[in-house]
Every structure is written in C-alpha cells, then in structure tokens.
Amino acid sequence: MPVEITWWGHATCTIEDSGVRLLTDPLFARRLAHLRRRRGAPPPPEARHADLALVSHLHADHLHVPSLAGLAPGTRLLVPRGAQQAVPALRRLRHLRVTEVGVGDEIHVGRLLVRAVPALHDGRRLPVGPRRSPALGYVVEGAARTYFAGDTGLFDEMAEAVGPVDVALLPVGGWGPYLGEGHLDAGRAARALARLAPRSAVPVHYGTYWPIGMDAVRPHEFHAPGDEFVRLAAEYAPDVAVHRLGHGEGVRLEVAR
C-alpha cells in the first residue's frame with residue numbers, strides 16, 4: 001500500500017497513509033514577522049483539510065496560530081505538552097481537538113499509530129517564552145513508518161529513539177543565513193540519514209522563507225540545501241532514495257514490509 005507525501009514549503013507536508021490525511025507544522029502565511037515567503041505559492045485551500053495536524057514545537061514558524069485557525073473544524077491537533085499554557089491563543093481554537101503529548105506518547109487515528117519521539121531543539125515559545133515545552137518529532141505508522149523530524153540537531157541516540165522507519169522527512173536548512181544549535185544542515189541531515197537508514201527521504205525546511213531585506217546575505221543558504229542534501233545523501237546513505245520536491249509537489253511511495 002502506498003504512502004503519499006506532498007511538500008508545501010518550510011516544514012509543512014501532507015502525509016496520506018491508510019486512508020488518513022495528516023499535516024505537519026501547518027504554515028500558510030505569505031509573511032511571518034520579519035520573514036516573507038520567497039519561493040512557492042502558499043498552499044491551496046484544500047491543503048488545510050486533514051484528519052490530524054502535528055506540531056513539533058512552539059516556535060512561531062512551526063506553531064503558527066493563524067494557520068491553525070484555518071484548519072477545518074474537527075481536525076485533531078497534536079502539540080507538545082505545555083503548549084496551551086505557553087501559547088494561550090491555542091485555547092481559542094475551539095473548532096480543533098487539541099491533545100498535548102510528550103516523548104513516548106502514542107495516539108491512534110484511524111488505522112494509524114502516531115508516536116512522539118525526541119528532538120534536539122529549544123522547544124519553548126520565543127523570544128522570551130518562560131515555560132518550556134519539549135521539541136518533538138513524530139513517527140507515523142500505517143502502511144509505512146514515516147518520520148517527521150520537526151526541527152532537530154543530530155544526536156547520538158537518534159536512530160534508537162526514532163526506531164525503524166521507511167520514510168524520513170528531514171530538515172536540511174532554515175530561514176536565515178546562519179543555523180544555530182539544534183538544527184540540521186544538509187551535511188548533518190545526510191549523516192542522520194545514514195543512522196536512520198530509511199528506504200526513502202524527503203528534504204524539508206529550506207528554500208521557502210527568508211528575512212526581509214537580507215536577500216543578498218549568504219543566499220546559498222536559501223537556494224542550495226536541497227541539492228546539497230541530495231549530493232551528500234548519495235555519499236553517506238547511497239541505498240536511500242532521496243526525493244527533492246518542489247513546492248506543492250508530491251511523491252507516491254510503494255512500501256513493502
């Protein structure tokens with residue numbers, strides 16, 4: 001049975017598996033604070049329809065309240081534990097079914113099992129979020145086991161914490177000229193791929209948003225990560241099929257267990 005992945009830009013993907021439709025870190029804005037969308041049109045209205053939306057951490061480009069407000073009524077939303085206290089605006093989204101989760105929690109949605117796994121990243125609401133919430137990744141288990149990493153750095157226990165996966169959605173860049181601690185660039189993402197050893201991978205979290213007025217500052221950090229990841233993945237994990245998607249493009253993957 002196939003799994004279908006569509007990349008809408010940044011960390012926002014649609015995963016369709018076993019008759020269930022999921023969204024990751026929904027972000028539909030043309031502009032977010034000092035960031036503007038430089039590549040790819042915002043996702044079409046139909047992209048807002050999902051049975052389940054996954055939020056990896058509380059940064060505003062991953063937990064974007066206006067985008068969540070546009071999700072269809074009845075959508076189930078998984079957020080890191082403590083999110084509703086740290087981001088009170090979440091409580092106003094009464095049309096959604098919000099569930100807080102932590103590492104190790106498992107949620108059944110239709111024929112899928114969604115498991116929260118650790119991420120190496122500062123998960124609190126910035127810039128001054130006083131309350132800490134964990135940054136998470138998620139493994140979606142149905143016909144395939146799909147790992148959505150959210151934002152994370154490379155850590156020693158990654159393969160053990162995530163477990164066996166068939167598909168990995170890995171961040172390979174960011175939204176500014178420099179990546180801080182707790183992120184994967186193309187090289188670290190390729191090394192993560194070697195540890196995880198999935199059948200297929202899709203690079204995400206690059207080439208979408210960039211700070212206003214900084215188009216000429218290290219532009220290769222905006223344009224290059226996808227192709228650089230493809231090149232390095234062939235070196236570090238040659239057995240993994242890497243699908244570099246354009247904005248709004250999808251891939252249908254046949255998974256045989």
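Biologist: Where is H205 found?

Modeller: This is a predicted model, in which local features need pLDDT of at least 70, side-chain atom pairs count only at pLDDT 80 or more, and totals for chains, interfaces and linings use all residues. Residues are numbered from 1 along each chain as its sequence is written, and side-chain values use heavy atoms, with hydrogens and water left out. Strands (E, at least two residues) and helices (H or I, at least four) are DSSP runs, numbered from the N terminus. H205 lies in the loop between strand 14 (200–204) and strand 15 (209–211).

Biologist: What phi does H205 have, and is H205 buried or exposed?

Modeller: Most residues other than glycine have a negative phi. Buried means under 20% relative accessible area, exposed over 50%, and partly exposed in between, with a 1.4 Å probe and protein chains only. H205 counts as buried, at 1% relative accessibility. Its phi is positive, although H205 is not a glycine: about 60°.

Biologist: Which loop holds H10, and what is its relative accessible area?

Modeller: H10 sits between strand 1 (2–9) and strand 2 (12–17). Its phi is positive too, near 50°. H10 is buried, with a relative accessible area of 2%.

Biologist: Which residue takes a positive phi in the hairpin of strand 2 and strand 3?

Modeller: Two strands pair if DSSP finds at least two bridges between them. Strand 2 and strand 3 run antiparallel, joined by five bridges. C13 has T24 of strand 3 as bridge partner. Two residues lie between the strands of this hairpin, and the positive phi, near 55°, belongs to S18.

Biologist: How many residues of strand 3 are buried, and which residue of strand 6 is the bridge partner of L23?

Modeller: Strand 3 (residues 20–24) is mostly covered, with four of its five residues buried. Three bridges join strand 3 to strand 6 (residues 52–54), and these two run parallel. The bridge partner of L23 in strand 6 is A53.

Biologist: Why is one side of strand 4 left without a neighbour in the sheet?

Modeller: Three strands form an open antiparallel sheet in the order 4-5-15. Strand 4 (31–32) and strand 15 stand at the edges, so one side of each has no neighbour in the sheet. Strand 4 pairs with strand 5 (residues 35–37) over two bridges. One of the bridge pairs is L32 with L35. The reason is that strand 4 has a single partner strand.

Biologist: What is the volume of the second largest pocket?

Modeller: A pocket is an open set of points on a 1 Å grid over the protein atoms alone, where a 1.4 Å probe fits, with protein on both sides within 12 Å along at least five of seven lines; lining residues have an atom within 4 Å of a point. Points are joined across faces, edges and corners, and the volume is the space filled by probe spheres set on them. Of 17 lining residues, the closest to the centre are L179, D185, A186, E221 and P225. The volume is about 220 Å³.

Biologist: Which helix supplies the largest share of that lining?

Modeller: Helix 4 (186–196), helix 5 (220–223) and helix 6 (225–236) each supply at least two residues. The largest share, three residues, comes from helix 4.
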